Amino acid sequence: MPRTPIEYRDASPQVRAVFDDIKHTRQVDDVNNFWKYLANDPATLERTWSSIKEIMAPGALDALTKEMIYLAVSVTNGCGYCIASHAAAARKAGMNEAMFGEVMAVVGMANETNRLANGYRVPIDPAFA
């Protein structure tokens, strides 16, 4: 059964609370489509927002690094929505076109060499263990 986005005006109090936290935390007027579709399952919405808020918060890695990692994984997983979302977030955090190009080069190279290592069943060197 196809899902539809849940708009704020139609949301339950539980969903509105999460939407309000997203808007406050990200300083935006509205939540993006990802959250509106996840709102079809309020428990998943709440759990996912709580996790992403914790993981993407300032820590040992800066916001730009975290967004570029998220972008790289999204490219590898082929998630068009996540590529667009996290490329925009990375740009907002300071990623320029040269950095984007290098991230894409690393993603491409890592995917190629990972497949080669898996295909050849290369054993792990003792120095890496």
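This is a predicted model: local features need pLDDT of at least 70, side-chain atom pairs count only at pLDDT 80 or more; totals for chains, interfaces and linings use all residues.
Two residues are said to be in contact when heavy atoms of theirs lie within 4.5 Å. By that rule, and leaving aside its neighbours within four places in sequence, Trp 49 is in contact with Val 18, Asp 21, Ile 22, Thr 25, Arg 26 and Trp 35.

**Nonpolar cores**

- In soluble globular proteins, nonpolar side chains tend to be buried together.
- The largest nonpolar core in this model has 14 residues, and those with the most contacts inside it are Val 15, Phe 19, Ile 22, Trp 35, Ala 39, Leu 45 and Trp 49.
- Helix H1 (13-26), helix H2 (33-38) and helix H3 (42-55) are the elements that give two or more residues to this core, and the largest share, four residues, comes from H1.
- Apart from this core lies another, of nine residues, which includes Ala 72, Ala 90, Met 95 and Val 103.

**Helices H1 and H3**

- Two packed helices are described by the angle between their axes and the distance between the axes.
- For H1 and H3 the angle is about 25° and the axes are 9 Å apart; because angles under 35 degrees count as roughly parallel, H1 and H3 are roughly parallel to each other.
- The crossing in which H1 passes H3 is left-handed.
- On the H1 side the contact involves Gln 14, Val 15, Val 18, Phe 19, Asp 21, Ile 22, Thr 25 and Arg 26, which meet Pro 42, Ala 43, Leu 45, Glu 46, Trp 49, Ile 52 and Lys 53 in H3.
- Sorted by class, the residues of the contact of H1 with H3 are nine nonpolar, two polar and four charged.

**Helices H4 and H5**

- The axes of helix H4 (residues 63-77) and helix H5 (residues 80-92) come within 9 Å and cross at roughly 160°, which makes H4 roughly antiparallel to H5.
- As with the pair above, the handedness can be stated: H4 passes H5 in a left-handed crossing.
- From H4, the residues that make the contact are Leu 64, Glu 67, Met 68, Tyr 70, Leu 71, Ser 74 and Val 75, while H5 brings Cys 82, Ile 83, His 86, Ala 87, Ala 89 and Ala 90.
- The contact of H4 with H5 has ten nonpolar residues, together with two polar and one charged.

**Cys 82**

- Cys 82, already named in the contact of H4 with H5, has its place in helix H5.
- Its relative accessibility is 18%, and because buried means under 20%, Cys 82 counts as buried.
- Leaving aside its neighbours within four places in sequence, Cys 82 is in contact with Ser 74 and Ala 87.
- Cys 82 and Ala 72 are ten residues apart in sequence, and their C-alpha atoms are 9.9 Å apart in space.

**Helices H4 and H6**

- H4 also packs with helix H6 (residues 97-120), at an angle of about 45° and with the axes 10 Å apart, and H4 and H6 are therefore oblique to each other.
- The crossing of H4 and H6 is right-handed.
- Leu 64, Met 68, Leu 71, Ala 72, Val 75 and Thr 76 of H4 make this contact with Met 99, Phe 100, Val 103, Met 104, Val 107 and Asn 111 of H6.
- By class, the contact of H4 with H6 has ten nonpolar and two polar residues, and no charged ones.

Key
Residues are numbered from 1 along each chain as its sequence is written. Side-chain values use heavy atoms; hydrogens and water are left out. A nonpolar core is a set of buried Ala, Val, Leu, Ile, Met, Phe, Trp, Tyr and Cys residues joined through side-chain atoms within 4.5 Å. Buried means under 20% relative accessible area, exposed over 50%, partly exposed in between (1.4 Å probe, protein chains only). Axes are lines fitted to C-alpha atoms, for helices over the stretch in contact, and angles run from 0 to 180 degrees between N-to-C directions. Angles under 35 degrees count as roughly parallel, over 145 as roughly antiparallel, 65 to 115 as roughly perpendicular and the rest as oblique. A crossing is left-handed if the near helix is turned anticlockwise from the far one by less than a right angle, and right-handed if clockwise. Ala, Val, Leu, Ile, Met, Phe, Trp, Tyr, Cys and Pro count as nonpolar, Asp, Glu, Lys and Arg as charged, and the others, Gly among them, as polar.
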